[in-house]
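Dear colleague,

I am passing on a structure that you have not worked with before, and the model follows directly below.

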Amino acid sequence: MKEKAEVVIVGGGVTGCGIAYNLAKKGMTDVVVVEKEYLCYGASGRCGGGIRQQFTTEANIRLAMESVRLFEQLSEELDTDIEYDQGGYLIIAYQDEVEQFTKNVQLQNSQGLESKFISPEEAREIVPLLNIEPIAGATFCQTDGHANPFKVVHGYAKKAQEMGVRIHKFTEVTDIETDDGQIKGVKTTKGTIKTDTVVNAAGAYSRDIASMVGVELPNKPYRHEILVTEPLEHVLNPMIISFKTGIYFSQQKCGSIIGGIGDPEEPSSYNVSGSLRFLKRMAKTMIELVPAFGHLNVLRQWAGLYDVTPDAQPNLGWTEGVDRFCQANGYSGHGFMIAPKVAELIAELIADGKTSVPIDGLNVKRFEGEITGETYVVG
Amino acid sequence: MIEIVCRCEDITKEEILEAIDQGYQTVEELKRVLRCGMGPCQGRTCTPLITRLLSEKTGKSPADVSRPTTRPPLQPVPISTFAGEEE
């Protein structure tokens, strides 16, 4: 193991590997990524791969739009086919959601995002198998889409390593040593790495990492379950989601349908086992929207952890009280989709001392005041 | 001669050996890099074969090669089966 590094990144997911890649691209190659398990063990490797820009806070919309711009060129940049597909996001609107969704579209349009409110009939033109009986309309944005998270994470990791970044898998961070608010080193199960800069990109485990230096993050872990079906011929272009029911599903390049559904009764925990309750809720809600999918075989179900903050926006940037301790966590279920831009901005912060887009509003110190945030946190 | 190890996802022995050489030395990682074991049979056929390849390559005994997580519903089940009854 390397005994000294300019930057130690905790977490081998899309955020950690993405930051490592962007630091190396800027010439900072003396970087170590430490991952407790293997690359994309956590939320990055368990998510649905959706890439959405239709958010309801300016910060989230901006980050997502900038990330889409980066996703569009990522296959080429990483020399890896990330299976990026801009089939759009179709967000189902039920009657009592129409007024709010109209406002959401206005805000998105004001930020330059070409989302629109469409009728049930127009939604059926986009998804011919859609049952439009229960719906009042939908919002649609063609440039939303999805990609394969495994490919993105491994692509970032491979390029970063080619430029000199070291990745230590199966290595757990056990402590972060500080002296008078300055970071001195990172203790791991395989030895200590001397450093003055640490990035906390440990997803749902970020609050444990932060507590090692006495910083309390307000993040809470929540299990979210998901399933994959057998592959079928291409029948579904967009990701279909509903905030009311919490469902989301899309068809992958390989033909499988991948989807999940949030559960309002899910308690905060680190549980990642699958439940029958999920299968029942998912089946019922999915069949109501696309009855034909009832015939599909479920191959596998699993779960991952959302790392949820009180305003459902990420924690980005330096931490008060501990010099050069950088947060990149709290994605609240939409980390993969904004990771490319976040990774670029965090690399700017570390390498240049400033970011090209202000991220002060996402500093963890915002929770000291009144909280206003993202209400729409599915897929 | 091409030797198929994962029949569901069409993954060859050569691809698996190459990935092991690249440092992916657990069944879980090979799944995520190559998709072996992610098809309809859920790794029933290929997991023992991959375990043997890992054992031969890394010198670990097959018993020490960690097993991948087994995920429900174990064999393919139509989605409609789960929609039948109320919670």
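Two residues are taken to be in contact here if their C-beta atoms, placed from the backbone, lie within 7 Å. Please keep in mind throughout that this is a predicted model.

I begin with two helices of chain B. On that definition, Lys13(B), Ile16(B), Leu17(B) and Ile20(B) in H1(B) meet Ile50(B), Leu53(B), Leu54(B) and Lys57(B) in H3(B), and the residues of this contact comprise 6 nonpolar, no polar and 2 charged. Helix H1, residues 13-21 of chain B, packs against helix H3, residues 46-58 of chain B, at an angle of about 45°, with the axes 11 Å apart. The two helices are therefore oblique to each other, and H1(B) passes H3(B) in a right-handed crossing.

The next point is how the chains meet: 24 residues of chain A are in contact with 18 residues of chain B. On the side of chain A that touches chain B, the elements giving two or more residues are helix H5 (149-162), helix H7 (276-289) and strand E17 (297-308), and of these H7(A) gives the most, with 7 residues. By class, that side of chain A has 12 nonpolar, 7 polar and 5 charged residues.

With best wishes

Terms used:
Residues numbered from 1 in each chain as written. Chains lettered and ligands numbered in written order. Predicted model: local features only at pLDDT ≥ 70, side-chain atom pairs only at ≥ 80, totals over all residues. Axes fitted to C-alpha atoms, helices over the stretch in contact; angles between N-to-C directions. Helix = DSSP H or I, 4+ residues; strand = E, 2+ residues; numbered from the N terminus. Parallel < 35°, antiparallel > 145°, perpendicular 65-115°, else oblique. Left-handed = near helix turned anticlockwise from the far one by under 90°. Nonpolar A, V, L, I, M, F, W, Y, C, P; charged D, E, K, R; others polar.
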